[in-house]
Amino acid sequence: MAVSTNPDPVSVAPSPVVPSPVAPTRPPSAKDLRPRSLFTRGRERPRGVAWFGIRSFWGHAQHLIASAIATEDIDSRDWMTADEPGVLAERVGRLLGAQHSGRTLTERLGSDLWIDYIADTGDDVAVSRSVARLLFAPYEVPDPERPGAYLVAPRGDILLFGGDTAYPVATADEIQSRVVAPFNQVLAERDDGKRRVVLGIPGNHDWYDGLDGFGRLFRRHLFEEGAHPTLHGANRTKVGRYAEFALQFFRGGHVGKPRTLNLLGYTPVQSASYFLLPVAPRVPLLAVDRQLKRVDARQAFFFASFLNENVGSSPWVVLPDPVYAFGVPSPTGVDSVESLGLSLGARPHLVMSGDIHHYRREEEGPTLHVTAGGGGAFLHPAPLVESGRRPALAEWPNAAQSRALLFQVPLKVMLVRSGLLPHAVFAVLLFPLVWPTRGAFHIGTFVAAWLMASAALALIGGARRRPAAVILAMALAAIICGSCVALRYGFHVALPRLEPAVRFFIVPEVQLAAAAFVGAFLFGLYLVLLTLFGYENTQAFTALDHPGYKHFVRLRIRKDGSAVDGFCFGLVDPVKPSEGPFLVDVFTWKSH
């Protein structure tokens, strides 16, 4: 008989706090902000993921396992049946209180439709709570139709998650602790009693867990009975979860999980990880799931069937990752567009994505690309080398703001604040160069260590796409190995009178530890150089796991479908108590 355990004993009904209305504020423009170097970090758990730490290591391991499963022979999307577009529009309209008929949401509502788009959310819980306060508030913004005038941008009728709901792996517990609980704590204070809809597409971190956590938050009432929005995070540690799994494995039971993950005031409506929602005349919303590899044939047929019947439409396409990452074509994004048969240069498209954790807007003929992955995860920079890249119409942070943070990386990596994995790797790699042997030092040992270090650094630097990164990797590997040899002989020269036993058994350990820390510092410097030279743009800031420059996009879909207006709101230093919102960008996309 299966034994189930209660995974969420602290889940409770919403707090009896009496909500207070939030007055619209008029955020100042973020265009003239100067670069900052000092930021506030959260101190409560769960804190931001250290990307060279053990927790992240297990995330990478699950990535490898999930990638091995995600083949065309075993496609986890085969069980899904997406809702027919008209059925989904009717369901969403009914939940939003629509009083009219029509094929699209704006026709059913008889008004403009407001949608909040947010991606790459759950990391540091303190940042998540600050992002929730930014998200669940009304603002006064410039009116795109009346220069000099302002309009109120209310909280969206729909909350749309653009992928990577939680890090490092979007399990039910991680989503609950890093997204649902902090969001609900804010929603309990700001609940206006209005019913809203939540939608989402999965990113790669959602697929590492096989969409289990994703489905509990976004899939249409998979389990309805007894579900209450929780204000608390999961009460199990990762070690505790593994121990419980092992116990239930031997008992023949299973580890229980939250039946659903609920955001206060929001209702999930989708039946699959992808969907098509007609939001306005001529503007269908195509929400795409490429799993970990490609858009599958069933999904491509689903979207193509609608577009072939609605030839005059201009799609709003939401992808898990951008077509242009850091201003250059992204293989996965380009492949998704090609799999869907979209002609971005032939007619207007609005393409939105996350995955890259900054804000960037750029044009491709009649198509507008918006990357907005600033929902709470660690920061990615603006590219510091613009040569050969598509120019940005807007970006946040900009190159100067990004450069002000970059040189913090080497010291942070060396001081173990990004995790112990670099130190452990260098300790193993440099061990033959440090430990004393009876024979003389052999140049072959140095060469072997140098070659292994060069290969590892070149792989990290994207040598397959940037051959010049190989030269940089070989140079840094030589410096790392050379510094290790210098430490070895320096110790022996500086400490010649130590007892032989001490020199043999204690000094090598000290040397190895010193070499590991020096190697970690130089590794951090290597990541900085990759970013400065434009060879690679993610690794350095991933190690930095910076909490700043968070944002989301609020969109107004005009009633007649003629245009979509976008307003990007952001926080520079989210955890700082006195920090207020900024208006990062305003844009209008014309559908014809």
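Where is aspartate 355 found? I will come back to that after the overview.

This is a predicted model, in which local features need pLDDT of at least 70 and side-chain atom pairs count only at pLDDT 80 or more, while totals for chains, interfaces and linings use all residues. Residues are numbered from 1 along each chain as its sequence is written, and side-chain values use heavy atoms, with hydrogens and water left out.

The protein chain has 18 helices and 18 strands. Helices (H or I, at least four residues) and strands (E, at least two) are DSSP runs, numbered from the N terminus. Of the 592 residues, 56% count as buried; buried means under 20% relative accessible area, exposed over 50%, and partly exposed in between, with a 1.4 Å probe and protein chains only. Among contacts with a separation of 6 or more, 77% come from residues 24 or more positions apart, where contact means heavy atoms within 4.5 Å.

Now the opening question. Aspartate 355 sits in the loop between strand S12 (350–353) and strand S13 (359–364). Its phi is near 75°, a positive value in a residue other than glycine. Aspartate 355 is partly exposed, with a relative accessible area of 23%. Valine 416 also has a positive phi, near 65°. That valine lies in the loop between helix H12 (409–414) and H13, and at 29% relative accessibility it counts as partly exposed. As background, most residues other than glycine have a negative phi, and most peptide bonds are trans.

On peptide bonds, the one from arginine 45 to proline 46 is cis, with omega near 0°. Proline 46 is in the segment before helix H1 (54–69). The bond from tryptophan 396 to proline 397 is cis as well, with omega near 0°, and proline 397 is in the loop between strand S15 (394–396) and helix H11 (399–406).

Next, a helix pair. The axes of helix H13 (residues 421–434) and helix H14 (residues 443–460) come within 9 Å and cross at roughly 165°. Axes here are lines fitted to C-alpha atoms, for helices over the stretch in contact, and angles run from 0 to 180 degrees between N-to-C directions. H13 and H14 are therefore roughly antiparallel to each other (under 35 degrees counts as roughly parallel, over 145 as roughly antiparallel, 65 to 115 as roughly perpendicular and the rest as oblique). On the H13 side, Leu429, Pro432 and Leu433 meet Thr445, Phe446, Ala449, Met452 and Ala453 of H14.

Which helix is largely enclosed by the rest of the structure? It is helix H4 (residues 125–135), because ten of its eleven residues are buried. Arg129 is one of the buried residues. What covers the buried residues of H4 includes S1, helix H5 (172–190) and S17.

The structure holds 19 aromatic pairs. Rings of Phe, Tyr and Trp (its six-membered ring) pair if their centres lie within 6.5 Å; planes under 30 degrees apart count as stacked, over 60 as edge-to-face and the rest as tilted. The rings of tryptophan 114 and phenylalanine 567 have their centres 6.3 Å apart and their planes at 25°, so this pair is stacked. Tryptophan 114 is in strand S1 (residues 113–118) and phenylalanine 567 in strand S17 (residues 563–571), 453 residues apart. Both tryptophan 114 and phenylalanine 567 are buried.
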